[in-house]
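Please keep the structure in view while reading.

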Amino acid sequence: MANGDSISKKLEAINLLELESKARELLPPAVYDYYAGGANDELTLRENRAAYERITLLPRMLTDSSRRDMGTTALGEPVSMPILIAPTAFQGLAHPEAEVGTVKAAGAAETLMILSTLSTCSVEEVMAVAKGPVWFQLYIFKDRGISASLVRRAEAAGCKAIVFTVDVPTPGRRERDVRNRFKLPDELSVKNLLPAGLQGLPHEAGGSELAPYIASLFDPALTWKDIEWLAGITKLPVLVKGVMRSDDALLAVKKGASGIIVSNHGGRQLDTAAATISVLPQIADAVDGAVEIYVDGGVRRGTDVVKAIACGARAAFIGRPVLWGLASGGESGVRYVLEMMRREFDLAMALSGCPTLGSITLDLIHN
């Protein structure tokens, strides 16, 4: 972990919250705000974190936690820990290595990455250097041909699953981006959409360039039938990302989803939506093991991962912390983030009296 240690000494960051503070100093204000910001008053953004902080743990004693095993699988793909990388757009804004640096770090940590449709490196570029499993996050466009083409490319490149994001029928109002008039610099583009001629954001007279771009391309008329359509055009498993209700989770399973990611888009869509960890237990209970359940939003500590697994998640995804690591040192910075989370989770397992993932059960949670 020499690279990680050097990053730590350079930034004097001993946890992810400190790393964010240091990354903020490195990034242009508009880029930091784009990554860090949420919708409207950012109540959901803050609640995602606060909900974890309110949950307390009831550790078990004398369980022989001298050795901990955190290895698991995600849709059958082996990973070294239940800490995975969530999809985040435009990683080239954080560091020139962009998504290529992130996927290399994921491979080194033997964990899984989800690649965003709106990445600044193409799926082919990312998969050419991937050493571990990669899932492809998909938005469904008004032009279904574009989405179908992306699925075919993801399959051909070696992605292991398609992650259908369902919580963006229209973009949330992210006021930091409006204020900053967010736009991509000329040297960056949405490379996955280059064949469709949609790689550049439209220049707007005022406000964020991203919101009208999304509104012009993404299909707001999506229904549950679109999961069936998607599952019908690919041999890959399809996960549904953006589920926040038990009844929606059951519909996703009924329509052919192989997995569910409980997510509120990091607080970037509907403000005042519930925190993901607060709805996870009832969703997991309703699904009752029919498919694998994952969660993202607000995960910043190893104890958060314990809480997520106890509440029914197969694994937890981290998004923004990966960007802070990328900004601080490219691939090395992301590796540092992943290893920091690994060490924190290992310690949390030991102190909770949980030598295995199977021993992390709901009775550890004390609300």
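## What counts as a contact

In this report, two residues are said to be in contact when they have heavy atoms within 4.5 Å of each other. The model discussed here is a predicted one, and the contacts below should be read with that in mind.

## Helices α3 and α14

With this idea of contact, one can begin with α3 and α14, where Y32, Y35 and A36 in α3 meet R320, L323 and W324 in α14. Of the residues in this contact, five are nonpolar and one is charged, while no polar residue takes part.

The axes of α3 and α14 are 10 Å apart, and the two helices pack at an angle of about 155°. Because angles over 145 degrees count as roughly antiparallel, α3 is therefore roughly antiparallel to α14.

## Two oblique helix pairs

Helix α7, which covers residues 144-157, packs against helix α10, residues 225-232, at an angle of about 45°, and their axes are 11 Å apart. The two helices are therefore oblique to each other, and the crossing of α7 and α10 is right-handed. On the α7 side the contact is made by R144, S147, A148 and V151, and on the α10 side by D226, W229 and L230. Sorted by class, the residues of this contact are four nonpolar, one polar and two charged.

Helix α11 (residues 246-254) and helix α12 (residues 276-287) form another pair, with an angle of about 40° between them and axes 9 Å apart, and α11 is therefore oblique to α12. The crossing of α11 and α12 is also right-handed. Here S246, A249, L250 and V253 of α11 are in contact with Q282, I283, A286 and V287 of α12, a group that divides into six nonpolar and two polar residues, with no charged ones.

## The largest pocket

Rolling a probe the size of a water molecule over the atoms shows where empty space is left. The largest pocket holds about 750 Å³ of space. Its lining is made up of 41 residues, and those closest to its centre are Y35, H265, G266, R268 and R320.

Which elements give two or more residues to the lining of the largest pocket? They are the helices α2 (16-26), α3 (29-36), α4 (43-54), α9 (210-217) and α14 (320-352), together with the strand β11 (315-318). When the lining residues of the largest pocket are sorted by class, 18 are nonpolar, eleven are polar and twelve are charged.

## The second largest pocket

The second largest pocket contains about 550 Å³ of space. It is lined by 28 residues, and V166, D167, V168, P169 and G242 are the ones that lie nearest its centre. The strands β7 (161-165) and β8 (238-243) each supply at least two residues of this lining, which divides by class into 15 nonpolar, nine polar and four charged residues.

How many cavities of 30 Å³ or more are found when the whole structure is searched? The search finds one, and the largest cavity has a volume of about 30 Å³.

The residues that line the largest cavity are V103, A106, G107, T111, L112, M113, A130, K131, G132, P133 and V134. Helix α5, which covers residues 98-108, provides the largest share of this lining, with three residues. By class, the lining of the largest cavity consists of seven nonpolar, three polar and one charged residues.

Technical notes
Residues are numbered from 1 along each chain as its sequence is written. This is a predicted model: local features need pLDDT of at least 70, side-chain atom pairs count only at pLDDT 80 or more; totals for chains, interfaces and linings use all residues. Side-chain values use heavy atoms; hydrogens and water are left out. Axes are lines fitted to C-alpha atoms, for helices over the stretch in contact, and angles run from 0 to 180 degrees between N-to-C directions. Helices (H or I, at least four residues) and strands (E, at least two) are DSSP runs, numbered from the N terminus. Angles under 35 degrees count as roughly parallel, over 145 as roughly antiparallel, 65 to 115 as roughly perpendicular and the rest as oblique. A crossing is left-handed if the near helix is turned anticlockwise from the far one by less than a right angle, and right-handed if clockwise. Ala, Val, Leu, Ile, Met, Phe, Trp, Tyr, Cys and Pro count as nonpolar, Asp, Glu, Lys and Arg as charged, and the others, Gly among them, as polar. On a 1 Å grid over the protein atoms alone, a cavity is a set of points where a 1.4 Å probe fits but cannot get out, and a pocket is an open set with protein on both sides within 12 Å along at least five of seven lines; lining residues have an atom within 4 Å of a point. Grid points are joined across faces, edges and corners, and a volume is the space filled by probe spheres set on the points.
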